[in-house]
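I opened this notebook to record what I looked up in one protein model, entry by entry.

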Amino acid sequence: MQKYKAAIVDDSQEYRATVQSVLQSVAGKAGKEIECTQFSRAETLIYELDDGDAYFDIYVLDIQMPGINGMELGRGIRERFPDVCIIFVTSYSRFALESYEIDAYQYILKDKVAERLPRALEKFFRRTAEETEADYYTITTVNKMEKFRFKDIIRISKNGKYAEFVTKERTYKQRLSLNDVYKMLPEGDFVFIERGIIVNILHISGMDVREITLSNQEVVTASRAYLKHVKEEVTRYWSRQIG
């Protein structure tokens, strides 16, 4: 059974319970499972994300809350995790345009939750179902097999005889050279920034001279010898995405 994790952020306990009930009902009918974690304030979720121990596939966010509002929270989540599902649930329609700028899956008025939240979730399930084995990197050892999506890899670094794969959820290790790993990565999506580090261009959120900021807020440094090539590959990648 395919499992997902959802964060529900709303200052109303009633609506958090309603959203959780709808999510788990739709998932159950689709033969999937959703583990829900409820947050009454955006700050609590941010703290857990900053701590590095939490990751969610689906975020259902109220917009108007005390402290940090849902739009601000949504922007921060999208910057860190480009591919997660963000759904806004609110009592007000005036934020709809802004929600599309954050690339939200759906903007739902609270009185339409029972009708429209299932549609948004089904859309997310369809997208994830379209992924194939070609979208995954697989590590096989004598004892186990682990696989994770290429798009979830943030960076790959050399650590002794091992290549370390840092993803949004955890770090994986494989006894393989970085050159051999690089040959198995999707062409044009990853780039060496120095001999011992490969980064996923999708997860580059900023560049300042040689310092590169990644989606997990980590800062890595490109060597002078690789800098020109890094800039060329980043430009080529985003030109391809824009089309």
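Predicted model: local features only at pLDDT ≥ 70, side-chain atom pairs only at ≥ 80, totals over all residues.

The entries below follow the order in which I looked things up.

**Entry 1**

The mean pLDDT of the chain is 84, and 87% of the residues reach 70 or more.

**Entry 1: the chain as a whole**

I looked up the secondary structure and found seven helices and 15 strands in the chain. Of the 243 residues, 47% are buried. The accessible surface comes to about 13,100 Å², and carbon and sulfur atoms account for 47% of that surface. I also looked at contacts between residues at least 6 apart in sequence, and 51% of these join residues at least 24 apart.

**Entry 2: a sheet of five strands**

In what order do the five strands of the open sheet lie? I read the order as β10-β9-β8-β12-β11, with antiparallel pairing. The edges are taken by β10 (171–174) and β11 (190–194), and because each has a single partner strand, one side of each is left without a neighbour in the sheet. From one strand to the next, the twist averages 20°.

**Entry 3: a sheet of three strands**

I looked up another open sheet, which has three strands in the order β13-β14-β15 and is also paired in the antiparallel sense. Its edge strands are β13 (204–208) and β15 (219–221), each of which pairs on one side only. The twist here averages 25° from one strand to the next. For β14 (residues 211–214) and β15, I found an antiparallel pairing over three bridges, and Ile212 stands opposite Val220 in β15.

**Entry 4: aromatic rings**

How many aromatic pairs does a search of the whole structure find? The search gives twelve. Among them I looked up Tyr237 and Trp238, an edge-to-face pair with 5.0 Å from centre to centre and 90° between the planes. Tyr237 counts as buried because its relative accessibility is 6%, under the cut-off of 20%, whereas Trp238 is partly exposed, with a relative accessible area of 35%. I also noted one aromatic cluster, formed by Tyr137, Phe148, Phe150, Phe165 and Tyr172.

Is Arg16 buried or exposed? I found that Arg16, which lies in helix α1 (residues 13–29), is buried, with a relative accessible area of 11%. Leaving aside neighbours within four places in sequence, I listed its contacts as Ile8, Asp10, Asp11, Gln38, Phe39 and Ser40. For one of these, Phe39, I also looked up the C-alpha separation from Arg16, which is 8.2 Å, although the two residues are 23 apart along the chain.

Definitions and conventions. Residues numbered from 1 in each chain as written. Heavy atoms only, no water. pLDDT = per-residue confidence, 0-100. Pairing = 2+ DSSP bridges. Helix = DSSP H or I, 4+ residues; strand = E, 2+ residues; numbered from the N terminus. Axes fitted to C-alpha atoms, helices over the stretch in contact; angles between N-to-C directions. Buried < 20%, exposed > 50% of the residue type's maximum accessible area, 1.4 Å probe, protein only. Contact = heavy atoms within 4.5 Å. Areas by Shrake-Rupley, 256 points an atom, 1.4 Å probe, with all protein chains shown as cover. Phe/Tyr/Trp six-rings, centres within 6.5 Å; stacked < 30°, edge-to-face > 60°.
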